[in-house]
Amino acid sequence: MDFSDILYQIKTQHQDKSSDLLLAVIDHIRPPKGRLYLAKDNLNTFKDGLKKDPELIVMFRSYLKALFDQKQYIQILSESGILTGKGFFPEAFERINTYFLPKVYDEMDVMAIFVSVFHKKWDYLWISDIPTEDYADFFELLGCIEIENLSEKDRLISQSLNSILVLSQRISALGLEPEILSKLPELEYFDSPFIVQNKSVFDYVDQFQNIEDFDKSDQNTDFKHLMVMLSQCEEYLLLIRKDKKKFGTDLHLSYMLLRLSQNIDRLKSLLKLVTKSKDKSNFQGEIELLKILVKAVNRKNSLGDHIEQNVNLLAFQITEHAGKTGEHYIANSSKEWWDMLVSSMGGGFIVGFLSVIKVLIYYLRLPLFGETFLYSMNYSIGFIGIHLTHSTLATKQPAMTASKLAAALDEVEKPKSVALGNLAEFVVKIFRSQFIAFVGNVIVAFPVAFLIAYGYHYFSGSHIAGQEKAFKLISEMNPINSLALFHAGITGVFLFLSGMISGYYDNKNVYNQIPKRIKNHKGLIRVFGQKRTDSLSDYLDNNLGSLAGNFFLGVFLGSLGSLGIIFGLPLDVQHITFASGNFGLAFVSVGEQLTLNEVLLTVSGIFGIGVMNFLVSFSLAIFVAIKSRNVTFKQSKKLFGILMLRFLKSPHHFFLPIYDNVSLKENKSNKEKDDRVSINDKNPESGERKVRPIKK
């Protein structure tokens, strides 16, 4: 790239105190978005141009000194890239507003220069792509001095130290928030690391500024003590995050923990910036901070980053808590496979009745709201009934399954040859479990609905589903001429959401201590007595998530069709079990009028609906679980190859139970592992000792 015009601008505009010249320089160094590697070459080309004329170096150095002299650094050092105290939703709305109506910064604030110069949203990518040594050579060429070597009276040093004090004070205040103290009451004491670090920072900064021969190295005992205190603060945050079964979480706590973690990270960065270390390369601290600040400026209005940062922890907690609501959805042994068949047959039996009730509600010809309400309650009460009877509804894939897969994906990233094979085996188990759940639901839902409709017709002479309704039900299952598969995909989304809702309420159960509060509720004790109140508390402790997930799933399925009518959109739901029940009702009415091709097409439609239900719900659950764990899965092709080879070699493994000694040993091993986990869960103190900081 030709920098001659930029070099000329330096000669003619070096006395200008605006950021226009720096903006022009950065615009020339900035590479095309798809060729970030050119940033290094562009910087070196600009550097070579300056070296040819030493006078230009003096001019550019003078310009930069005038540009940044007397500027305020505290805001960009202590706030940029760090969440505010507004909370999750106010912060989200603030980012949206700022995106459309950008903030105006004080011209004396260095933030205004960064926003103006690094105005491309992807500048942080090429800034990070330039090697540290190239930055160091460039800074040395300009005669820059590392911050650690500046005088204590230098403005940049004083503002850096002030930023350190601001961050330390904020960490102390956040560490004493009631929501954190309620989880870890020992933090109220004077030796809490959140309190001690604040006192240590004030003492350290005071000595830094006032003691003439103050030791600024990272071997200073006060500096080491300060870093230990900050590490202990991080360990307490890790304790709250890890002990999810004891504490739970919500968006507010997740937001607070993330904000606290960001402040601790920034405080560490600034402390290292003003501290000398033999291990640091030239300008290492300054370069790292530059990369952090440019990224913070570029992503300051990113709603996606905000949501991802905060929801990742919450999603992790939800997927983990959802595990206990869906343990029976995976059959590990042949016995469990047969148990799954029996359980799903129970689900199909209940759905057969639900299909009949839904058609009867249709013939009530109620106003839209009344019809929607009854449809929703029919679904919700039916699903809750399936849960209470320990039956199974096919495709209701809970988040637990995806959580286990995400754990397996963690193993994939490790250098273990057996990891992919274990993951493939787990996928086969899920497929096999869902297949038999499909079979159990369908082979019972169809005959139950058929027999009810046939009996009604035998005794009354009329059909539950009239001819018009019957043909409508059949046409809605046509995989070619209707939106059946699209509607099945929508149902898959709702099935996924119900699993997440189950996990959310299980999590809230822990976070808000609902069982404990119920046990001590004086009004309930007075009405039901202590024994029944305790039983209610224990039941909700184990089942609140499932009850909530089933209830909301019913509301979703029962109300979507009405929403489609309101908005004029072709919205509806299709579930394989209800589709088979509807076919049973319709067949009694118009079965004699159907051709063999129409019957086969309807059956294929029911099968397609089931496949879409499963694929959509399961894919979404896996995606969220992976995002919640920050897992990068790079070997999907290899996994797909293993699964294809397994299918070609032993296709029956995907559908039928496996009877061999290996699986029995595996199940025994899994059971022993689960027992050990259960013992640890009952003794949470053993887990806490591993992560709880020890004060010295």
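**Salt bridges in a predicted model**

Colleague: By about how much of a helical turn are Lys-335 and Asp-339 separated in helix H18?

Modeller: The model is predicted, so local features need pLDDT of at least 70 and side-chain atom pairs pLDDT 80 or more, while totals for chains, interfaces and linings use all residues. Residues are numbered from 1 along each chain as its sequence is written, and side-chain values use heavy atoms, without hydrogens or water. Helix H18 spans residues 334-362 (helices are DSSP runs of H or I, at least four residues, numbered from the N terminus). Because Lys-335 and Asp-339 are four residues apart in helix H18, their separation is about one helical turn.

Colleague: What is the N to O distance between the side chains of Lys-335 and Asp-339?

Modeller: Lys-335 is exposed, with a relative accessible area of 58%, whereas Asp-339 is partly exposed at 39% (buried is under 20%, exposed over 50%, partly exposed in between, with a 1.4 Å probe and protein chains only). Their side chains meet in a salt bridge (a Lys or Arg side-chain nitrogen within 4 Å of an Asp or Glu carboxyl oxygen). From N to O, the distance is 3.0 Å.

Colleague: Is Glu-91 buried or exposed?

Modeller: For Glu-91 the relative accessible area is 7%. By that value, Glu-91 is buried.

Colleague: How many residues apart in sequence are the parts that Lys-519 and Asp-538 tie together?

Modeller: Lys-519 and Asp-538 form a salt bridge whose closest N and O atoms are 3.4 Å apart. Lys-519 belongs to helix H24 (residues 514-519) and Asp-538 to helix H25 (residues 522-567). Lys-519 is partly exposed at 33% relative accessible area, and Asp-538 also counts as partly exposed at 38%. Because the two residues lie in these two helices, the pair ties together parts whose separation in sequence is 19 residues.
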